[in-house]
Amino acid sequence: MSWDRIIKMIVRIYPAPWRSRYQDELSALIQDQLADPDSSQWRIAIGCLWGALSERVNPSVRAVPEMAPAVIGQSRFGPLKSSIGRTSLVLGSTAVVLALSLLVAAGFFASQPGKSFGVGVPRFVGKGWPSTGPIANDAGVILHVHWITSSRPVASVISQSPPAGSRIALGGVVTLTISNGSTPSPLPGAKVVVPDVIGLLLSQAVSTLHRAGISDSFGTATCNVGTNHVVAQYPVFGSSVPQGSRISLSCS
Amino acid sequence: LIKGSSDRSLYILTSLASGPKHGYALMLDIEDFAGVRLGAGSLYGCLAKLEAQGLVEPLPSDDRRRPYRITPTGKAALKEQLEKSRRLAAVGLRRIAQA
């Protein structure tokens, strides 16, 4: 069982109202963390487990009465309230035991030899964007790229998913998170003219857009590597767009 | 005013004081300026509480990585807490120097 699945199971321990509000974001963050070779999967799993149990004990997101009719009248029934508290405690404890068992089982299966398949995922973290294409080609994997604002050097790979050393099918996808540097704070109402980035390498295009104050802080483009020249952009160059807008880039 | 795990809350509010960020960007920024790596569970537990208190708010996003920004109430709470910390630091440092 992969860490990804184990952590998904742990995330299900969070209360339903909390999950309906935060699960997608938390899952995205966990994927980013799992892709970072400096992160410990154990620490991520235990942190999520602790967070889920804390939310059970002291919820920050409460169900609206229409969604949870059983909650109505709770304050008038002290014994019912304490019963719910005890039930939560029992469920929480059961969840802890279950999750720890899963973690131990996962560690056991991960240590079994002879289970490897596909190709090994190379390490991309810390490398510059231009060097990732040849590495991916040699390894037989396809790259998808997500650019984010970061204090890390421009065009350096911050994280990858799946992590280096794991195995995926030949031609499988590795997602890289790459820094496009720090974005200047957008001025309210300010507009900028979209520069022409067609024909540029993707990394050069992102830097050019960034300098123009266009790319926002939350990702700008998804492209396959090995084919990293920009062939189309939207909005087209010469357009006037609000500062901080996203530009969609396509690669040949 | 800032309830819960105040250290983590202060890290998050301080990070958001420089502009909106999503969860992973928050984590990297906090690691940069505080040397503390928050776990996903801790970060979102704290973000949820800060949002419930009205100190941060989510921004619209078509990505799963939803950005957050500090609210005016959050800025005021952060400023008040940092002023208290500054007064405490000044007293502590003065007394250490005098001892």
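Visitor: Leaving aside its neighbours within four places in sequence, what is Gly181(A) in contact with?
Guide: With those set aside, Gly181(A) is in contact (heavy atoms within 4.5 Å) with Ile148(A), Thr149(A), Ser150(A), Arg152(A), Val154(A) and His210(A). Keep in mind that this is a predicted model, where local features need pLDDT of at least 70 and side-chain atom pairs count only at pLDDT 80 or more, while totals for chains, interfaces and linings use all residues. Residues are numbered from 1 along each chain as its sequence is written, chains are lettered from A and ligands numbered from 1 in the order in which they are written, and side-chain values use heavy atoms, with hydrogens and water left out.

Visitor: Is Gly181(A) buried or exposed?
Guide: Gly181(A) is buried, with a relative accessible area of 5%. Buried means under 20% relative accessible area, exposed over 50%, and partly exposed in between, using a 1.4 Å probe and protein chains only.

Visitor: And where is the place of Gly181(A) in chain A?
Guide: You'll find Gly181(A) in the loop between β5 (173-179) and β6 (191-193) of chain A. Strands (E, at least two residues) and helices (H or I, at least four) are DSSP runs, numbered from the N terminus.

Visitor: How many helices and strands does chain A have?
Guide: Chain A has six helices and nine strands. Of the 252 residues in chain A, 43% are buried.

Visitor: Switching topic: where does helix α2 of chain A bend?
Guide: Helix α2 (residues 16-34) of chain A bends at Tyr22(A), by about 65°. That bend is the angle between axes fitted to the seven residues ending there and the seven starting there. The buried residues of α2(A) include Tyr22(A) and Glu25(A).

Visitor: What does Glu25(A) meet in a salt bridge?
Guide: The side chain of Glu25(A) meets that of Arg66(B), at 2.9 Å, N to O. A salt bridge is a side-chain nitrogen of Lys or Arg within 4 Å of a carboxyl oxygen of Asp or Glu.

Visitor: How many salt bridges are there between chain B and chain A?
Guide: The count is four salt bridges between chain B and chain A. On the side of chain B that touches chain A, α2 (23-34) and α3 (40-52) of chain B each supply at least two residues. The most comes from α3(B), with 10 residues.

Visitor: How many residues of chain B are in contact with chain A?
Guide: 30 residues of chain B are in contact with 33 residues of chain A.
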